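Welcome! Take a moment to turn the model around on your screen before reading on. We will begin with a term, then go from the whole chain to a few residues.

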Amino acid sequence: QVQLVESGGGLVQAGGSLRLSCAASGRTISRYVMGWFRQAPGKEREFVAAISFNDITTTYTNSVKGRFTISRDNAKNTVYLQMNSLKPEDTAVYYCATSQSMFSYTYDYWGQGTQVTVSS
């Protein structure tokens, strides 16, 4: 059974930083695309960032480019999202997800989410 557990969320002032972690079990994440998504109150879930199975390609939504960095530690089977220069509009529940296959960007397993709140 695949499980993804996010951690690292919290309350931070605008301009601050947080690093989210997503620990995976039941799947070796080095063989899959990993992604981060977020959902703000009253809004649809949106894509934030993704990293290819071989770490060669990273993709970001425009609003976080230059501020967020996705990475992974295959030895720990964990993916990270480093978030710098946080803004109040980054407030959301953040979810990590793993893709269906090595080259797919369709995600089949999701974590339970971690709350990020950025105060102005």
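Predicted model: local features only at pLDDT ≥ 70, side-chain atom pairs only at ≥ 80, totals over all residues.

A residue is called buried when its relative accessible area is under 20%, exposed when that area is over 50%, and partly exposed in between, using a 1.4 Å probe and protein chains only.

Residues are numbered from 1 along each chain as its sequence is written, and side-chain values use heavy atoms, with hydrogens and water left out.

Let us look at the whole protein. What is it built from, helices or strands? The protein has eleven strands and zero helices, and its pattern along the sequence reads β-β-β-β-β-β-β-β-β-β-β. Here helices (H or I, at least four residues) and strands (E, at least two) are DSSP runs, numbered from the N terminus. The radius of gyration of the protein is 13 Å, close to the 14 Å that the globule rule gives for 120 residues, so the protein is as compact as a globular protein of that length. That radius is taken over C-alpha atoms, and the globule rule is 2.2 Å times the number of residues to the power 0.38. Along its principal axes, the C-alpha trace spans about 40 × 25 × 25 Å.

Of the 120 residues in the protein, 44% are buried. A contact means heavy atoms within 4.5 Å. Among the contacts with a separation of 6 or more, 57% are between residues 24 or more positions apart.

Now for some individual residues, starting with Tyr94 in strand E9 (residues 92-99). Tyr94 counts as buried because its relative accessibility is 0%. Leaving aside neighbours within four places in sequence, Tyr94 is in contact with a list of residues that includes Leu20, Trp36, Phe37, Val48, Phe68, Leu81, Met83 and Thr114. The side chain of Tyr94 also reaches the backbone oxygen of Asp90 at 2.6 Å. This is a polar contact, meaning a pair of N or O atoms within 3.5 Å; within protein, one must be able to donate a hydrogen and the other to accept it, and residues adjacent in sequence count only if both atoms are side-chain atoms. Tyr94 and Glu46 are 48 residues apart in sequence, and their C-alpha atoms are 9.6 Å apart in space.

One of the partners of Tyr94, Thr114, is found in strand E11 (residues 114-119). Thr114 is buried because its relative accessibility is 11%. A polar atom of the Thr114 side chain lies 3.2 Å from the backbone nitrogen of Gly9. Besides Gly9 and Tyr94, the residues that Thr114 touches include Glu6, Ser7, Gly8 and Ala92, not counting those up to four places away in sequence.

Let us return to Gln82, which lies in strand E8. The side chain of Gln82 makes a polar contact with the side chain of Asn84 at 2.9 Å. Not counting residues up to four places away in sequence, Gln82 touches Ser17, Leu18, Arg19, Arg67, Phe68 and Thr69. Gln82 and Glu6 are 76 residues apart in sequence and 13 Å apart in space, C-alpha to C-alpha.

Our last stops are two loops. Asn77 lies in the loop between strand E7 (68-73) and strand E8 (78-83). With 15% relative accessibility, Asn77 counts as buried. What does the side chain of Asn77 reach at 2.8 Å? There you will find the backbone oxygen of Arg27, and the Asn77 side chain also reaches the backbone nitrogen of Ile29 at 2.9 Å. Others in contact with Asn77, beyond its neighbours within four places in sequence, include Cys22, Ala23 and Thr28.

Asn77 has a positive phi of about 55 degrees although it is not a glycine. Most residues other than glycine have a negative phi. Asp55, which is not a glycine either, has a positive phi of about 65 degrees. Asp55 sits in the loop between strand E5 (46-51) and strand E6 (58-60), and it is partly exposed, with a relative accessible area of 35%.
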